[in-house]
Amino acid sequence: MASGQLSRAEALACSGCRHACHVMLYCDTSTQLFGRIPIRHIILMQMRFDGLLGFPGGLVNPSEETLEAGLSRELSEEVGVALPINVEDHVESCYAPATSSSSSASSSRRLITHFYVKKMEEEQIREVERAAASTATDHGQEVLGMVRVPLYAMKGGGGLASFLSHSFIGNARSQLVDSLSRLGLVSPAELQRALDKSLETHA
Ligand code: GTP
Ligand code: MN
Ligand code: MN
Ligand code: MN
Ligand code: MN
Ligand code: MN
């Protein structure tokens with residue numbers, strides 16, 4: 001395990017900590033952009049109320065609900081579908097980096113973020129997108145919209161590099177990049193090129 005990471009059990013042992021669970025929902029797809037660029041996978045992220053990109057999910061109180069039940073509850077609020085999340089979908093838990101907002105008195109308890117990945121069928125992902133824009137109670141409030149992550153590279157840095165140059169909440173950007181790498185959704189060389197390019201785009 002990388003430094004700063006905790007096992008699920010170690011994380012839960014911190015009863016004084018706050019806990020947040022987020023999930024990367026994704027599927028394979030054979031559709032093509034402009035009829036020629038393979039899209040390969042649909043990965044769902046969201047534009048949050050604060051203008052930052054992140055994954056669906058939220059704060060969970062482990063004394064009242066399991067991490068997975070809490071994540072499922074957050075999904076019903078944020079994407080309008082109470083998708084079942086299993087312990088096997090858990091990827092990693094780690095302490096959130098300290099931020100100026102988390103140093104205020106009301107939220108001085110340390111935050112542990114738990115990350116999950118769930119692979120779905122393309123039709124299920126499309127159903128999540130439809131529900132997120134229609135029946136989800138948080139739509140237009142805490143969640144401004146679901147977005148798909150472009151995984152291809154276009155001339156001039158368009159595609160994944162541009163996407164990675166946006167601003168993300170917490171360590172959502174590394175959760176995305178690590179998942180692309182671990183699940184082999186983008187080749188190591190393509191991912192490295194996109195990461196290098198995203199820093200140029202940002203400057
Ligand atoms: P409320 O319903 O307003 O309480 O929000 P929420 O429960 O949906 O919480 P939110 O999704 O904002 O997550 C809680 C905290 O977790 C945030 O303040 C961030 O610090 C962090 N966070 C949010 N999204 C992500 C994410 O995608 N990845 C990581 N690592 N952290 C996140
Ligand atoms: Mn067009
Ligand atoms: Mn929420
Ligand atoms: Mn949330
Ligand atoms: Mn919440
Ligand atoms: Mn809420």
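Predicted model: local features only at pLDDT ≥ 70, side-chain atom pairs only at ≥ 80, totals over all residues.
Residues are numbered from 1 along each chain as its sequence is written, chains are lettered from A and ligands numbered from 1 in the order in which they are written, and side-chain values use heavy atoms, with hydrogens and water left out.

The manganese ion (ligand 3) is held by the OE atoms of Glu-74 and Glu-78 at 2.1 to 2.2 Å, where donors are N, O and S atoms within 2.8 Å of the metal (3.2 Å for Na, K and Ca), and because water is not among the atoms, sites may look incomplete. Both of these glutamates belong to helix H2 (residues 67-78), and because they stand four residues apart there, about one helical turn separates them; helices (H or I, at least four residues) and strands (E, at least two) are DSSP runs, numbered from the N terminus.

The manganese ion (ligand 4) is coordinated at 2.1 Å by Gly-57, through its O atom, and by Glu-78, through OE. This pair of residues links distant parts of the chain, since Gly-57 lies in strand S7 and Glu-78 in helix H2, 21 residues apart. Glu-78 therefore takes part in both sites, as a bridge between two manganese ions that lie 3.3 Å apart.

Are these coordinating residues buried or exposed? Gly-57 and Glu-78 are both buried, a word that stands for under 20% relative accessible area, with exposed meaning over 50% and partly exposed in between (1.4 Å probe, protein chains only). Glu-74 counts as buried because its relative accessibility is 8%, and its side chain also makes a polar contact of 3.2 Å with that of Arg-73. Such a contact is a pair of N or O atoms within 3.5 Å; within protein, one must be able to donate a hydrogen and the other to accept it, and residues adjacent in sequence count only if both atoms are side-chain atoms.

A polar side-chain atom of His-22 is 2.9 Å from an oxygen atom of ligand 1, and a polar backbone atom of Leu-59 is 2.8 Å from one. Taken alone, ligand 1 exposes 630 Å², of which the protein buries 77%; these areas come from the Shrake-Rupley method with a 1.4 Å probe, and for residues only the protein chains shown count as cover.

In total, 17 residues surround ligand 1, the closest being Phe-55, Leu-59, Glu-78, Asn-171 and Gln-175, where a residue is near a molecule if one of its heavy atoms lies within 4 Å of it. Strand S2 (18-28), strand S7 (57-60), H2, strand S9 (111-119) and helix H5 (172-182) each supply at least two residues of this shell, and the largest share, three residues, comes from S7.

In H5, the buried residues include Gln-175, Leu-176 and Ser-179, and after this helix comes Gly-184, whose phi is positive, near 65°.
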